[in-house]
Amino acid sequence: MGGDIIKPDISIILASSRTETVVASEQALAETGIAIMTLPGTELLDKATGSVAPAAILLDAALGQEAFDACRRLKGHPERRFIPLLVIAETAEQRAQAF
């Protein structure tokens, strides 16, 4: 076992409609062993979190109100409310909207 690298069995869900966000996220996580499930929006998020227990969910603020509605839905669900949600904001306006 000496020099073997143990990769974590962790998955993250990314909801983003922007190709550049998906590519950048996949590249950033490529060598970590963290699996990333990408969704083109939040419509399938409830179904995905019902079958997978992700370590975290990344929501692209560029999805607008859809991302924030998904946050409220997930945090209001008794089994999903403890999943960490991270909002990816590219602009100051998106950051302000997130808070």
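User: What makes β3 and β4 a pair in this predicted model?

Analyst: Two strands count as paired if DSSP finds at least two bridges between them. Four bridges join β3 to β4, so the pair meets that definition. The two strands run parallel. One of the contacts across this pair is I57, whose bridge partner in β4 is L85.

User: Which strands make up the sheet, and in what order?

Analyst: Four strands form an open sheet in the order β2-β1-β3-β4, with parallel pairing. Neighbouring strands are turned by 20° against each other on average, direction ignored.

User: Why are β2 and β4 called edge strands?

Analyst: β2 (35-39) and β4 (85-88) each pair on one side only. Strands of a sheet pair through backbone hydrogen bonds, either parallel or antiparallel.

User: Why is β3 described as mostly covered?

Analyst: Buried means under 20% relative accessible area, and five of the five residues of β3 are buried. A56, L58 and D60 point one way from the strand, while I57 and L59 point the other way, and all are buried. In a regular strand the side chains alternate between the two faces of the sheet. β1 is also mostly covered, with four of its five residues buried.

User: What makes the path from β3 to β4 a right-handed unit?

Analyst: With the strands pointing away from the viewer, a crossover is right-handed if the path from the first strand over the helix to the second runs clockwise. β3, α3 and β4 make a β-α-β unit of this hand. The chain also crosses from β1 through α1 to β2, and that β-α-β crossover is right-handed.

User: How do you know that the buried residues of α1 line one face?

Analyst: In α1, T21, V22, S25 and L29 are buried. Seen down the helix axis, they fall within an arc of 100°, so they line one face. The face turned away from them carries the exposed residues T19 and Q27; exposed means over 50% relative accessible area.

User: What covers the buried residues of α1?

Analyst: The cover includes β1, β2, β3 and β4. Helix α1 (residues 19-29) packs on the sheet, and its direction makes about 175° with that of β2.

User: Which residues of α3 are buried, and what puts them on the same side?

Analyst: The buried residues of α3 are A67, F68, A70, C71 and L74. They cover an arc of only 155° around the axis, which puts them on the same side of the helix. α3 packs on the sheet, touching β3 and β4, and its direction makes about 175° with that of β4.

User: What makes a set of residues count as a nonpolar core, and which members of the largest one touch the most others?

Analyst: The members must be buried residues of the nonpolar kinds, joined through side-chain atoms within 4.5 Å. The largest such core has 13 residues, of which I13, L39, L45, I57 and L59 touch the most other members. β1 (11-15), α2 (45-51), β3 (56-60) and α3 (65-75) each supply at least two residues, and α3 gives the most, with four. In soluble globular proteins, nonpolar side chains tend to be buried together.

User: What is L45 in contact with beyond its neighbours within four places in sequence?

Analyst: L45 is in contact with I13, L39, I57, L59, A70 and L74. Apart from this core lies another, of five residues, among them I12, V22, L29 and L58.

User: Which pattern does the chain follow along its sequence?

Analyst: The pattern is β-α-β-α-β-α-β-α, with four helices and four strands. Buried residues make up 33% of the 99 residues in the chain. Of the contacts with a separation of 6 or more, 65% involve residues 24 or more positions apart.

Note on methods: Residues are numbered from 1 along each chain as its sequence is written. This is a predicted model: local features need pLDDT of at least 70, side-chain atom pairs count only at pLDDT 80 or more; totals for chains, interfaces and linings use all residues. Side-chain values use heavy atoms; hydrogens and water are left out. Buried means under 20% relative accessible area, exposed over 50%, partly exposed in between (1.4 Å probe, protein chains only). Contact means heavy atoms within 4.5 Å. The arc is that of the directions from the helix axis to the C-beta atoms. Axes are lines fitted to C-alpha atoms, for helices over the stretch in contact, and angles run from 0 to 180 degrees between N-to-C directions.
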